[in-house]
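Here's a quick briefing to read alongside the model. Have the structure open and follow along, topic by topic.

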Amino acid sequence: MCQRSLSRKGNVYFKQKKWADAIKWFDKSLTDHRNQAVIKKRSEAEKNLKEEEKLAYLDPEKSLEEKEKGNEAFKKGDYSGAVKHYTEAIRRNPDDARLYSNRAACYTKLLAFPLGLKVRRTRW
């Protein structure tokens, strides 16, 4: 098939918001001819796919479960394990400020003061 028909098929999937299929067909189209418009559409589809994956990963309930696991690990004195659980909880619900505070407390207990002071959001 020619480049135009492949890119049209990619555009159909793009309009249906089937990002992975659109990227596949845009890639096939680009093997024949490097078209700037197709390259732009492909990068936009990749951006949308990544954004959907991020939103699918967010889950306040799983964040709460990880927070509880972190709290248990903190009470047992397993601070590095608690950091892992709190970090996962932050990835699941980055808007909960208590998670950042709990993780900073773990870093303080581990005597990793620079990491405890770092209040950076852990988004991908």
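**Where α1 meets α3**

Gln 3, Ser 7, Asn 11 and Phe 14 on the α1 side meet Val 38, Lys 41, Glu 44, Ala 45 and Asn 48 on the α3 side. Sorted by class, that α1 and α3 contact comes out at three nonpolar, four polar and two charged residues. Keep in mind that this is a predicted model.

- The axes of α1 and α3 sit 11 Å apart, and the two helices pack at an angle of about 30 degrees. Angles under 35 degrees count as roughly parallel, so α1 gets that label relative to α3.
- As for handedness, α1 and α3 make a left-handed crossing.
- An α-helix has 3.6 residues a turn, so residues three or four places apart point the same way.

**A closer look at Ser 7**

- Ser 7 belongs to helix α1, which covers residues 3-15.
- Is Ser 7 buried or exposed? Ser 7 is buried, because its relative accessible area is 9% and the cut-off for buried is under 20%.
- Leaving aside residues up to four places away in sequence, Ser 7 touches Phe 26, Ser 29 and Val 38.

**Helix α5 and its surroundings**

- Helix α5 takes in residues 79-92, 14 residues in all, and spans 20 Å from its first C-alpha to its last. That's close to the 20 Å expected at 1.5 Å a residue.
- Its buried residues are Gly 81, Ala 82, Val 83, Tyr 86, Thr 87, Glu 88, Ala 89, Ile 90 and Arg 92.
- What do the buried residues of α5 pack against? They pack against α3 (36-57), α4 (60-76) and α6 (97-109).

**α5 against α6**

- The α5 and α6 axes come within 9 Å and cross at roughly 160 degrees. Anything over 145 degrees counts as roughly antiparallel, so that's the label for α5 and α6.
- The crossing of α5 with α6 is left-handed.
- From α5, the residues involved are Tyr 79, Ala 82, Val 83, Tyr 86, Thr 87, Ala 89 and Ile 90. Their partners in α6 are Leu 99, Tyr 100, Asn 102, Arg 103, Cys 106, Tyr 107 and Lys 109.
- By class, the residues of the α5 and α6 contact split into 10 nonpolar, two polar and two charged.

**Lys 62 and Arg 92**

- Lys 62 is part of helix α4. With 39% relative accessibility, Lys 62 counts as partly exposed.
- Lys 62 and Arg 92 are 30 residues apart along the chain, yet their C-alpha atoms are separated by 6.9 Å. Arg 92 is one of the buried residues of α5.

- Lys 17 isn't a glycine, but has a positive phi of about 65 degrees. You'll find Lys 17 in the loop between α1 and α2 (19-32), and at 56% relative accessibility Lys 17 counts as exposed.
- Leu 111 is a non-glycine residue too, with a positive phi near 60 degrees. Leu 111 sits in the loop between α6 and α7 (113-117) and is exposed, with a relative accessible area of 63%.

Methods
Residues numbered from 1 in each chain as written. Predicted model: local features only at pLDDT ≥ 70, side-chain atom pairs only at ≥ 80, totals over all residues. Heavy atoms only, no water. Helix = DSSP H or I, 4+ residues; strand = E, 2+ residues; numbered from the N terminus. Expected span 1.5 Å × (residues − 1). Buried < 20%, exposed > 50% of the residue type's maximum accessible area, 1.4 Å probe, protein only. Contact = heavy atoms within 4.5 Å. Axes fitted to C-alpha atoms, helices over the stretch in contact; angles between N-to-C directions. Parallel < 35°, antiparallel > 145°, perpendicular 65-115°, else oblique. Left-handed = near helix turned anticlockwise from the far one by under 90°. Nonpolar A, V, L, I, M, F, W, Y, C, P; charged D, E, K, R; others polar.
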